Amino acid sequence: AVGRMGKPVILKRGFGNDATEWFNAAEYIAIQGNLDIVLCERGVKTMFCKDGYNRYAPDLNVIRYAKEKTILPVVFDPSHAAGDDRLVGENMLASLAYQADGSVTEVIHSEEFRGQQQCDARQALHLDLFEKLVQATLHFEEHVQPLIGQIDEYFDQRRLGKLGVNL
């Protein structure tokens with residue numbers, strides 16, 4: 001049905017799905033006529049997701065894999081992976097090196113509002129903290145991402161058999 005709605009779709013990977021199943025779900029939407037699909041990684045369930053230290057384990061490797069295997073944009077949801085606002089920032093910052101095309105991060109404007117939320121209140125990050133994460137992201141993009149680009153270039157050259165002596 002969502003493939004026939006004519007509206008963009010953010011397709012969140014099911015916490016028990018592998019990458020192929022995720023891509024197949026996107027293909028099913030596309031076959032129905034909707035090509036406006038964004039893949040969203042939100043973590044996978046493991047046997048270690050008990051006792052409240054996280055909800056899902058972020059599968060950051062799948063971000064790069066999805067970008068290599070599909071033409072679709074890929075975003076990361078650090079909030080759902082965490083299930084706890086104290087972990088959202090670390091998840092978001094960790095995902096930057098994997099060059100996701102964006103982030104779907106739940107935020108709240110005040111702590112008073114947290115008590116009024118009907119669901120997912122624990123994973124919503126306060127807007128002031130989100131602002132600091134955006135600043136950190138901009139710093140990363142300016143200072144660190146160019147170095148990651150050089151590292152990626154090395155692997156691209158190696159893959160093409162054009163690896164030079166100098167790094």
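Predicted model: local features only at pLDDT ≥ 70, side-chain atom pairs only at ≥ 80, totals over all residues.
Helix H1 covers residues 19-31. At 1.5 Å a residue, its 13 residues should span 18 Å. Five names make up the buried set of H1: Ala19, Trp22, Phe23, Ala26 and Ile29. Viewed down the helix axis, these buried residues fall within an arc of 115°, so they line one face of H1. Tyr28 and Ile31 are exposed on the other side of the helix. The cover over the buried residues of H1 includes both strands and helices. Strand E1 (9-12), strand E2 (37-41) and strand E3 (74-76) contribute to it, as does helix H2 (61-69).

Helix H6 runs over residues 127-143. Its 17 residues should span 24 Å at 1.5 Å a residue. The end C-alpha atoms are 24 Å apart, which agrees. Leu133, Thr137 and Phe140 are buried in H6. They cover an arc of only 60° around the axis, so they sit on the same side of H6. The face turned away from this buried side carries Lys132, Leu138 and Glu142, which are exposed. Three elements pack against the buried residues of H6: helix H4 (85-95), strand E6 (125-126) and helix H7 (145-159).

The axes of H6 and H7 come within 4 Å and cross at roughly 45°. An angle under 35 degrees would count as roughly parallel, and one of 65 to 115 as roughly perpendicular. H6 and H7 are therefore oblique to each other. On the H6 side, the contact is made by Phe140, Glu141, Glu142 and His143. On the H7 side, Gln145, Pro146, Leu147 and Ile148 meet them. By class, the contact of H6 with H7 holds four nonpolar, two polar and two charged residues.

Arg114 belongs to helix H5, which covers residues 111-114. Its relative accessibility is 15%. Buried means under 20%, so Arg114 counts as buried. Leaving aside residues up to four places away in sequence, Arg114 touches Asp85, Ile108, Ala121, Arg122, Ala124 and His126. Arg114 and Thr137 are 23 residues apart along the chain. Their C-alpha atoms are separated by 25 Å. Thr137 is one of the buried residues of H6.

Terms used. Residues numbered from 1 in each chain as written. Heavy atoms only, no water. Helix = DSSP H or I, 4+ residues; strand = E, 2+ residues; numbered from the N terminus. Expected span 1.5 Å × (residues − 1). Buried < 20%, exposed > 50% of the residue type's maximum accessible area, 1.4 Å probe, protein only. Arc of directions from axis to C-beta. Contact = heavy atoms within 4.5 Å. Axes fitted to C-alpha atoms, helices over the stretch in contact; angles between N-to-C directions. Parallel < 35°, antiparallel > 145°, perpendicular 65-115°, else oblique. Nonpolar A, V, L, I, M, F, W, Y, C, P; charged D, E, K, R; others polar.
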